[in-house]
Amino acid sequence: MLESPSIRCPRCQGTDLVPNMIEFPCGDKDVDTLNCTRCATTWDAFDTPTQPGPNYTEAYEGSLDLFEEEHALLVLTENIKERAQATLTGAGGGVESWEHREMLLRKAAWLDRAAHRTELDWYCRAFNDEAVDKANTYAEEAAKALLDLDAGHGGHHAGSGFSTDSPVWKVPGGARAYVRQEYLTWHKAREAEAGRAEFEPRRGSDGELYDADGRAL
C-alpha cells in the first residue's frame with residue numbers, strides 16, 4: 001500500500017478507497033468519485049473536502065494541461081537561471097523577486113496537479129506505489145518551499161484567503177492547499193491583465209497608436 005497517500009476519506013481518514021469510474025464516448029475511463037469502504041463516504045475525485053480553499057478543479061480550471069505547463073515551466077526556469085548567471089558575471093540585469101516566486105508557485109502547482117493525477121491513476125493500476133509516493137513527496141516539498149518563502153517575506157502572498165501563518169496550513173496536505181489558493185489568485189490576475197492588454201492601444205510598426213480593432217487613434 002501507499003506510504004504517503006494524499007487522498008484520504010474526509011470522514012474517517014481511511015485509505016481503503018474504491019474508485020467509481022466514468023467512461024467517455026471514446027472508450028477511455030477515468031476516476032469520477034471515490035468511495036470509502038470503511039464508512040461509505042463518497043466524494044468527487046478532484047474535490048478536497050478536508051482542505052480549505054479551492055479544490056483541484058477550481059484552482060486549475062483554464063490552466064495549461066500538464067504537458068504544456070511542464071514545457072512552459074522549463075522555459076521559464078531556464079530563462080531565470082540564464083539571467084541570474086548573467087547578473088553574477090555583470091552581463092545582464094537581475095531577476096526580480098516576484099519572478100522567482102512565480103517560478104516556485106508554478107512549479108509547486110504543477111507538482112501538486114501531477115501528484116494528484118498520478119494517485120488517481122494508481123486506482124486505475126496505471127502507476128505503482130513507489131511512483132505515487134515519490135510524486136506526493138515532491139509536491140509536498142515544493143509546496144512547503146513556497147509557503148516558507150512567503151512566510152519569510154512578512155507573510156505577503158498573492159491570495160486574499162488564509163495568510164501564511166494560519167494553522168490551516170500546518171496539517172497534512174495544508175501546504176499543497178496553500179499552493180492551490182495562491183495559484184488560483186495568480187491565474188485570475190494574469191487573465192485579467194491579458195484582458196486589459198487586449199483593449200489597450202498598441203503602437204504599430206509606423207510608430208502610431210492603434211486601438212484594439214486596428215484603427216488609428
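This is a predicted model: local features need pLDDT of at least 70, side-chain atom pairs count only at pLDDT 80 or more; totals for chains, interfaces and linings use all residues.
Figure 1. After the helix comes Gly154, with a positive phi near 75°. The buried residues of H4 include Val132, Ala139, Leu146 and Leu149, and also the charged Asp133 and Asp150.

**Figure 2. The largest nonpolar core.** This core holds 29 residues, and those touching the most other members are Tyr60, Leu105, Leu146, Val179 and Tyr183. At least two core residues come from each of the helices H1 (56–60), H2 (66–88), H3 (97–123), H4 (129–152) and H5 (174–199). The greatest contribution is that of H3, with 9 residues. Zoom in on Leu105: beyond its neighbours within four places in sequence, Leu105 is in contact with Leu146, Val179, Glu182, Tyr183 and Trp186. A second, separate core has 13 residues, among them Val31, Trp43, Ala45 and Leu120.

**Figure 3. Thr33 and its surroundings.** Thr33 belongs to strand S2, residues 29–36. Its relative accessible area is 18%, under the 20% cut-off, so Thr33 counts as buried. Leaving aside residues within four places in sequence, the contacts of Thr33 are Val18, Pro19, Asn20, Thr42, Trp43, Asp44 and Ala45.

Figure 4. The whole structure contains 10 salt bridges. In one of them, Arg83 pairs with Glu99, and their closest N and O atoms are 2.8 Å apart. Arg83 lies in helix H2 and Glu99 in helix H3, so this pair, 16 residues apart, links distant parts of the chain. Arg83 is partly exposed at 25% relative accessibility, whereas Glu99 is buried at 15%.

Figure 5. Arg106 and Glu102 form a salt bridge with an N to O distance of 3.9 Å, and both residues are buried. Because they are 4 residues apart in H3, about one helical turn separates Arg106 from Glu102. Arg117 and Asp121 form another salt bridge, at 2.9 Å from N to O. Those two are also 4 residues apart in H3, which means a separation of about one helical turn. Asp121 is buried, with a relative accessible area of 18%. Asp30 joins Arg117 and Asp121 in a network of salt bridges.

Key:
Residues are numbered from 1 along each chain as its sequence is written. Side-chain values use heavy atoms; hydrogens and water are left out. A nonpolar core is a set of buried Ala, Val, Leu, Ile, Met, Phe, Trp, Tyr and Cys residues joined through side-chain atoms within 4.5 Å. Buried means under 20% relative accessible area, exposed over 50%, partly exposed in between (1.4 Å probe, protein chains only). Contact means heavy atoms within 4.5 Å. A salt bridge is a side-chain nitrogen of Lys or Arg within 4 Å of a carboxyl oxygen of Asp or Glu.
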